[in-house]
Amino acid sequence: MRTEEPRRHEPRKKIAETFVELAGTLVADFDVIDFLRQLTARCRDIFAVADVAVLLAFPGPELYSPAPCDPSPTLAAVLELALGEGPALEAYRTASTVSPGNLATAPAEWQDCTALAREAGHTYASAVPMRLREDTLGSMLLLRATDSPLPADDLVMAQAFADAATIGLPRRPHPQRRVEPGEATGLDGAHR
């Protein structure tokens, strides 16, 4: 029974550590890109998703992806389309969680993004807005490669992470679009 106790507390420990890291946005010097990449890596680990990306429209209206968890060419291609259609854009525009279910049955207007995501092995997608009071500064896209969607409790926690991460963004210089091989950097027309 004692061996069960550490396992039961491991997810709580990771969640607590993540909130401590998110509070780091309130200190004077931190690298926004590294911070966002750490956020996506933590979310990938805690929520057992295949990929996570933060899409920002801060400080201007153009949505872009400064920090995917994995800057691979495959994910970059999915993100490039996600900037113009799909759950991440919808979460940004509506300031609401978007979880369309299985990508095979996602709305037809998202067909290019969802088809490419499915080719990359993703089966479910969810997105949460990155909100600061009544402003939406972007969204966080969570992609699964399993036979089930992200549980509702995980979406609530992902929203809490996104909101906490957003607190420090307006106090920082514009996150530079670090271009890595194959990394998507933005498209026109993603305005809120």
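Which residues is Gln159 in contact with, leaving aside its neighbours within four places in sequence? In this predicted model, where local features need pLDDT of at least 70, side-chain atom pairs count only at pLDDT 80 or more and totals for chains, interfaces and linings use all residues, the contacts of Gln159 are with Thr97, Val128, Pro129 and Arg131; a contact means heavy atoms within 4.5 Å. Residues are numbered from 1 along each chain as its sequence is written, and side-chain values use heavy atoms, with hydrogens and water left out.

Gln159 is found in helix H6. Its relative accessibility is 9%, and Gln159 therefore counts as buried (under 20% relative accessible area, with exposed over 50% and partly exposed in between; 1.4 Å probe, protein chains only). A polar atom of the Gln159 side chain lies 2.8 Å from the backbone oxygen of Pro129.

The secondary structure comprises six helices and five strands, taken as DSSP runs (H or I of at least four residues for helices, E of at least two for strands) numbered from the N terminus. Along the sequence the elements follow the pattern α-α-β-β-α-α-β-α-β-β-α. Of the 192 residues, 45% count as buried. Among contacts with a separation of 6 or more, 69% are accounted for by residues 24 or more positions apart. The accessible surface, from the Shrake-Rupley method with a 1.4 Å probe, comes to about 9300 Å², and 52% of it belongs to carbon and sulfur atoms.

The largest nonpolar core has 26 residues; such a core is a set of buried Ala, Val, Leu, Ile, Met, Phe, Trp, Tyr and Cys residues joined through side-chain atoms within 4.5 Å. At least two residues of this core are supplied by each of helix H2 (32-47), strands E1 (51-56), E4 (124-132) and E5 (135-144), and helix H6 (152-166). H2 gives the most, with seven residues. Leu39, Cys43, Phe47, Met140 and Leu142 have the most contacts inside the core. Not counting residues up to four places away in sequence, Met140 touches, among others, Leu39, Cys43, Val54, Val128 and Ala158. Apart from this core lies another, of 23 residues, including Leu79, Ala91, Ala117 and Ala125.

The axes of H2 and H6, fitted as lines to C-alpha atoms over the stretch in contact, with angles running from 0 to 180 degrees between N-to-C directions, come within 11 Å and cross at roughly 170°. The two helices H2 and H6 are therefore roughly antiparallel (angles over 145 degrees). Phe35, Leu39, Cys43, Ile46 and Phe47 of H2 make the contact with Asp154, Met157, Ala158, Phe161 and Ala165 of H6.

Terms used: Polar contact = N/O pair within 3.5 Å; in protein donor to acceptor, adjacent residues only side chain to side chain. Parallel < 35°, antiparallel > 145°, perpendicular 65-115°, else oblique.
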